[in-house]
Structures are given as structure tokens and as C-alpha cells.
Amino acid sequence: MMNRNTFIKSLTKSFNWLLALGYELRQVETSIYFEKHSNNEVHSINFFWSEYDVIKIQGVFALKRFNFIESIIERITGNLDYTIHKKWEGTIPKEFAAEANGVTLTDAFYLSDKNQIKLFSEIIEGFYNSEVQPFFNNFNSIENILYWLNTNETPDHVKLLVSNNNSMMLRKLIIMKESNSSDYHSLYEKYRDFLEQKNRQRESPYTEMYDEFIKFDEYFNKHQIKSDRKV
């Protein structure tokens, strides 16, 4: 039987290839982050787990934080997050059980022993080599992000921008402002008008989103908060 203690202890050994690349393991409740810090960025491999009589792994992501973008959001909201992400969308191998406690999932790994942790690590290593490294390299500046946003449909932007706590539009506007995008002001006005209307109508969750958004008035309207960006 796999329990949380066995699982956590086995991660360091099974993911030694990632640790050898300069990543460090960080556990936040039921989230695992392998993070590599530089002066201006943080790269991460992240997944979520839960414990039954087996360990369920769900939601494997590559994440990248641009510190000067996220520091603007953190100063005002107190929340530090990542800027962009890429989800693992591979096929679950047949070596992993498809069902546990009567629940069948198609996008999760059920780990029942140490050998399966090792196999899971090998799958993530393949993901890292074939998709994650090119992802990190392709988005090596916010200008690369802005180009992608401009050349992809708006509903698809959530596939790239991190959107925890309804922060995706804030992140998008900050990237556009910091990149001197010609579309920044029109999008800002359109989004603010939308939230103001919803707030007047007291529609949830837009009232909460509006309350958060207006905290950025000084940054968006009066003067630019000095960021940590190094050019």
C-alpha cells in the first residue's frame, strides 16, 4: 500500500534527474513543485496529489514565473504565482491502474508502489525533454508571450497564462503595459467598463473581481510601479 510518507520520501530518489539539473523540491500541502530559480525567473514542474489506499497524481504542469511581472501582482494582492504554464496531455500508460476506490479517471496516475513512482518520473522526464525545455526557451521574454497572445484566439489564452484567483486578465494587462503594446489602453478600458457594469449589478464573482482590480489603479493609471525587470 502506498501512503503519503512513502510517496514523499520516494520523490527525491525517483526525481534525482531533475534535482541534478538544479531543481529543488518544494511541497505545499497537496502540491509538489520542483523549482529552479534564477535572478529573474523561476522554472517549475508541478503536480497535485491526494491519498487514498493509493496516491492519485493529477494536473501535471510546467510553469514559468517572470519575477518582475509577478512582483507587481504580489505587492498589491499578496499572492505570488507563476506567469505561464503548459499542461502535460500525454496518454496514461497501461501499467498504471485506471480505477481506485470505484473511481475511474482518464487524466490521472494512480501510484500503488515505488516502482510506479519511478515510472511516473520517467514519463515526466520525457515530457521535460520533449516539451518543457522548448516551452521555456520559446517564452524567454514577455515579448514572446505578447506575440503568442496576439496570434492566438482570446479563448485560448488561458492555455498559456496562469489564471489562479481570476488573475489572468491582470497578468495579460501587465504584460501588455510592460511591453508597450498599442492595444493595452483599449483592452484596459474595455475590461474596466465590463467590471464596473457587473459590479453595479452586484453580480458575483464580478464584484470580487472588481474590488481586486481597482487596487491596481495606481499602477494602471497614475504611474508605473517600479518593477524588478532587468533589461
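Start with helices α7 and α8, whose crossing is left-handed (the near helix is turned anticlockwise from the far one by less than a right angle). Helices are DSSP runs of H or I, at least four residues, numbered from the N terminus. This is a predicted model, where local features need pLDDT of at least 70 and side-chain atom pairs count only at pLDDT 80 or more, while totals for chains, interfaces and linings use all residues. Residues are numbered from 1 along each chain, and side-chain values use heavy atoms, without hydrogens and water.

**The helix pair**

Select α7, residues 184-200, with α8. Their axes lie 8 Å apart, at an angle of about 130° (lines fitted to C-alpha atoms over the stretch in contact; angles run from 0 to 180 degrees between N-to-C directions).

Now show side chains. Y188, Y191 and R192 are among the α7 residues that meet α8, where the partners include Y206, T207 and F213 (contact: heavy atoms within 4.5 Å).

**One face of α8**

Select residues 206-213. T207, M209, Y210 and F213 are buried (under 20% relative accessible area, 1.4 Å probe, protein chains only). These buried residues fall within an arc of 160° down the axis, so they line one face of α8 (directions from the helix axis to the C-beta atoms).

**The cores**

Next, select F7, F47, I57, F120, I145 and F220. They have the most contacts inside the largest nonpolar core, of 60 residues (buried Ala, Val, Leu, Ile, Met, Phe, Trp, Tyr and Cys joined through side-chain atoms within 4.5 Å). Helix α4, residues 114-138, gives the largest share, 9 residues. Apart from this core lies another, of 6 residues, including Y33 and V162.

Technical notes
Buried means under 20% relative accessible area, exposed over 50%, partly exposed in between (1.4 Å probe, protein chains only). Helices (H or I, at least four residues) and strands (E, at least two) are DSSP runs, numbered from the N terminus.
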